[in-house]
Amino acid sequence: MSTLIRTSAAELASILATGEASAVEITQAHLDRIAAVDDQVHAFLHVDAEGALRSAAEVDKLRAAGDDVHVLAGVPIAVKDVVVTRGLPTTAGSAILRGWVPPYDATLVTRLKNAGMPILGKTNMDEFAMGSSTEHSAYGPTRNPWDLTRIPGGSGGGSAAALAAFEAPLAIGTDTGGSIRQPAAVTGTVGVKPTYGGVSRYGLIAMASSLDQAGPCTRSVLDAALLHSVIGGHDPMDSTSLAGPVPAVVEAARNADVSGMRIGIITELTGDGFQLGVRERFDSSLAHLVDAGAQVVEVSCPSFVYALAAYYLVMPSEVSSNLAKFDAMRYGLRVFPEGIDDPSAEQVMAATRDAGFGDEVKRRIILGTYALSSGYYDAYYGSAQKVRSLIAADFAAAFEQADVLVSPTAPTTAFPLGAKLSDPLSMYMQDIATIPANLAGVPGISLPCGLAGEDGLPVGFQILAPAMKDERLYAVGSALEQRLHHAWGGPLLHRIPALTETKEA
Amino acid sequence: MTQVSTGEALMAYDEVVAAYDPVMGLEVHVELGTATKMFCGCATTFGADPNTQVCPVCLGLPGALPVVNAIGIESAIRIGLALNCEIASWCRFARKNYFYPDMPKNFQTSQYDEPIAFNGHLDVELEDGSTFRVDIERAHMEEDTGKSLHVGGATGRIHGATHSLVDYNRAGIPLIEIVTKPIVGAGERAPEVARAYVATLRDLVKALGVSDVKMEQGSMRCDVNLSLMPKGVAEFGTRSETKNVNSLRSVERSVRYEMCRHGAILAAGGAVTQETRHWHEDTGITTAGRVKSDAEDYRYFPEPDLVPVAPAPEWVEELRASLPEPPAQRRKRLQTAYGFSDLEMRDVLNAGLLDLIEESVAAGATPAGARKWWSGEIARRANAAGQDVSSYAVGLGVGPALVVELEGLVTGGRLNDAMARQVWEGVLDGEGSPTQVADARGLQLNRDSGALEAAVDEVIAANPDVAAKIREGKVQAVGALIGQVMKAMKGQADAAAARSLILERLTQ
């Protein structure tokens with residue numbers, strides 16, 4: 001196994017800068033690793049070896065010619081399959097988009113390409129990003145590299161697992177209710193949901209427009225900051241994109257300064273309902289932050305108890321409308337109804353949607369259609385929007401008392417595949433701590449804070465900051481990471497069991 | 001679906017208006033003339049090849065997002081202001097959800113309970129000179145759908161077609177939907193009021209320059225809601241909604257037809273079905289479309305992909321201050337200023353000449369001269385070419401300055417009227433400016449008074465009978481002698497001078 005695949009993106013950047021390794025070598029090392037282990041992990045839905053090597057070679061040529069290139073030029077990346085990529089199949093994990101090849105790039109993909117970052121391929125996910133285990137992919141589940149019998153989280157299980165399995169140094173995720181942060185937590189990786197509007201949504205196949213946000217998935221806080229800087233910033237193609245510059249996230253990650261910072265523990269997101277080992281690792285992390293000069297306070301966000309309920313009204317409502325476009329008329333799957341000789345367009349639409357959508361997607365479309373119906377709108381969608389305002393008000397009040405808020409990212413460590421498939425509500429509970437940030441549009445990070453005593457699986461530590469103060473996530477995250485690495489004698493992923501390389505590169 | 005039946009019972013119009021009061025609601029869609037679509041940068045050129053003016057946004061491809069066209073919002077506000085509406089200080093777009101193959105996203109981005117403009121009115125002038133006020137409920141922004149072409153059936157409608165083609169060029173073109181409050185109290189004048197309202201609205205939107213409002217090209221479309229209530233009853237009856245009534249004449253006829261149809265149903269003790277009706281331009285009747293229940297549920301909710309529209313009050317005031325004069329007011333002002341008779345004014349308006357005349361007068365022409373030159377030969381030629389006069393004139397490179405020049409040649413004494421007509425024809429034939437044409441053709445009044453006197457004497461001598469009549473007081477006979485003088489002088493005589501000289505010789 002090449003050491004290049006265990007190297008952080010920041011280190012790869014300096015290796016490339018000094019010429020110690022070429023972009024082609026680094027990209028090839030990751031493609032070899034994918035070939036060797038991905039039949040076990042199934043992090044990728046599509047691998048673009050040719051395209052990745054071609055763009056790596058271009059970067060090498062530019063570097064050799066002495067041209068100015070981006071600091072991450074030549075560092076390869078995996079992209080969640082919900083992000084459209086020109087010329088590369090994009091399915092969002094759904095059968096209804098099987099074989100669809102987009103004619104355009106998402107803005108963030110354009111930015112990756114402009115930075116010279118080779119795209120290794122597209123990662124697996126719950127269908128249309130709906131789920132917390134990646135088991136709702138139409139193309140089969142992804143497995144957690146820490147324990148192949150367990151889930152890698154979701155919806156972005158593919159991106160998180162690719163990092164933990166050393167198949168990619170960087171990945172892109174999207175987070176509507178926790179789909180970046182929860183997979184990061186259960187795979188011992190880092191995931192950031194930026195402030196809503198901080199990264200363009202243009203080219204993200206929408207699940208819930210008012211909640212969706214793309215962000216970096218990495219193995220270190222600094223790597224996340226570097227990637228955040230590449231993909232962030234205003235995009236005129238997205239009306240909800242923020243106007244200002246990207247916050248100074250790289251600087252914050254490098255300085256790791258938390259002295260005098262007030263760290264607020266959210267009362268409602270601790271204690272009962274969180275696995276013992278999760279609580280233990282969370283508490284010991286707090287001690288590290290105090291050690292680093294921060295001050296810990298407790299804050300209450302009373303409306304957070306309604307967050308899950310509000311989320312499961314707002315999100316499905318938007319889903320029911322956003323997914324209406326998948327109708328077999330212009331692209332994707334087309335299924336003709338059985339037993340009808342001369343079907344109408346409506347009958348083809350219905351047959352295609354019946355065959356092309358999985359149960360979880362159908363469940364949410366039905367929920368949302370109902371919630372928006374005349375006569376129910378005020379009671380469901382209307383009330384949920386009011387709860388959203390209350391949650392935003394809770395955040396505003398809490399950020400008066402604390403500079404950042406913290407909680408465990410997920411209530412449990414990775415659960416076994418299949419354990420929650422028949423119990424949607426228990427699956428939804430995985431996002432109890434991550435959803436409030438989406439409802440209020442504030443940024444959040446999850447970073448590994450150790451292994452739970454009872455099962456030896458990774459635990460995630462979540463930090464939330466006020467909107468447009470993303471740099472605080474990186475300052476606090478980096479400070480905690482440094483002290484944890486010091487205590488552990490290296491990154492947590494050094495302790496991941498080795499995967500059997502089934503194919504020799 | 002559609003059944004083209006013809007035999008629906010109708011009540012005589014006089015009987016309808018004697019027994020019932022009509023209530024109308026008019027919904028007019030105006031396609032804005034913006035260069036690009038409402039939510040993307042695609043062109044909006046009419047008549048382009050199918051599906052050539054499309055992109056990921058207006059095709060509703062996965063991942064694409066809308067961005068609002070600022071000119072679209074400005075146009076909507078200007079229409080709202082011109083309709084005396086209040087302008088929302090904050091409003092949102094909303095999604096109207098329903099499935100249809102020509103709607104790429106299967107929702108239409110529209111506005112629901114927060115329209116950009118609301119509570120206005122439009123005063124329309126009726127043929128008897130009276131004014132009828134139509135109250136405006138709202139004007140809101142939305143996007144057009146694609147266009148379905150149903151192939152293989154006899155009627156071009158979906159019923160009986162073997163397949164359908166969809167052109168998405170129209171998808172995403174900005175529309176403003178203008179909805180009236182219920183129009184009550186029009187009585188027997190309801191069809192005229194409907195027509196006058198749509199005509200006035202068309203002129204207003206055209207004057208704003210925000211749309212070409214060509215009903216025949218679909219850039220202005222009208223839906224007519226109509227119900228009847230028995231005289232003395234204040235409660236509205238059940239309405240029908242006649243879709244896509246696409247000419248002024250059809251608006252009037254369809255209201256009249258529906259009044260007669262409703263009247264027959266009600267008089268027979270029946271109940272009007274709440275439904276969509278199709279208007280048939282050729283036969284002048286409506287036929288039943290889909291039954292429209294109040295339960296139709298579009299599941300409107302605020303469009304999360306767009307930010308709210310919050311026009312700054314100062315900007316709205318700027319737009320208000322820059323509104324053009326309302327067309328009706330302008331017409332009255334100019335008619336008075338130009339001294340045109342009602343008949344002359346009607347001809348000028350029908351030929352669409354008012355702008356050209358106004359520009360020519362501003363450039364120095366007399367109103368009568370401007371009217372004469374713009375409504376003569378050039379109007380005939382434009383008509384033959386199937387164009388309106390102003391675009392025909394633009395095509396020729398003929399503008400107000402040439403009219404001023406031509407008139408100057410007449411008032412300056414170089415040309416008489418007949419010569420000026422020849423010169424104008426030369427100008428329209430592309431021979432150059434009026435002066436150049438007159439020079440090239442050697443047109444010049446003969447100012448030699450000796451020659452004129454000689455010609456006059458000669459003609460009087462040669463026509464003793466006519467001369468005798470004039471001496472007896474039949475002054476109108478002078479025309480015959482002027483013609484002869486003109487002929488003798490090869491058309492270069494000043495007709496007025498010839499006339500006074502002849503009269504001088506014969507009556508003194």
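Two strands pair if DSSP finds at least two bridges between them. Keep that in mind for chain B. One caution: this is a predicted model.

Start with strand 3 of chain B, residues 94–97. Its partner is strand 4 of chain B, residues 107–110. The two run antiparallel, over four bridges. One pair to look at: Asn97(B) has Phe107(B), in strand 4 of chain B, as its bridge partner.

Strand 3 of chain B also pairs with strand 14 of chain B, residues 301–302. That pairing is antiparallel too, with two bridges. Here Arg95(B) is bridged to Phe301(B) of strand 14 of chain B.

Now chain A, and a helix pair. Two packed helices are described by the angle between their axes and the distance between the axes. Helix 10 of chain A covers residues 307–322, and helix 12 of chain A covers residues 359–371. Their axes lie 7 Å apart, at an angle of about 100°. Angles of 65 to 115 degrees count as roughly perpendicular, so helix 10 and helix 12 of chain A are roughly perpendicular to each other.

Which residues of helix 10 and helix 12 of chain A make the contact? From helix 10 of chain A: Leu313(A), Pro316(A), Ser317(A), Glu318(A), Val319(A) and Ser320(A). From helix 12 of chain A: Arg364(A), Ile365(A), Leu367(A), Gly368(A), Thr369(A) and Ala371(A). By class, that contact has six nonpolar, four polar and two charged residues.

Last, the two chains together. Chain A puts 32 residues into the contact, and chain B puts in 24. On the chain B side that touches chain A, 15 residues are nonpolar, four are polar and five are charged.

How values were computed
Residues numbered from 1 in each chain as written. Chains lettered and ligands numbered in written order. Predicted model: local features only at pLDDT ≥ 70, side-chain atom pairs only at ≥ 80, totals over all residues. Axes fitted to C-alpha atoms, helices over the stretch in contact; angles between N-to-C directions. Parallel < 35°, antiparallel > 145°, perpendicular 65-115°, else oblique. Contact = placed C-beta atoms within 7 Å. Nonpolar A, V, L, I, M, F, W, Y, C, P; charged D, E, K, R; others polar.
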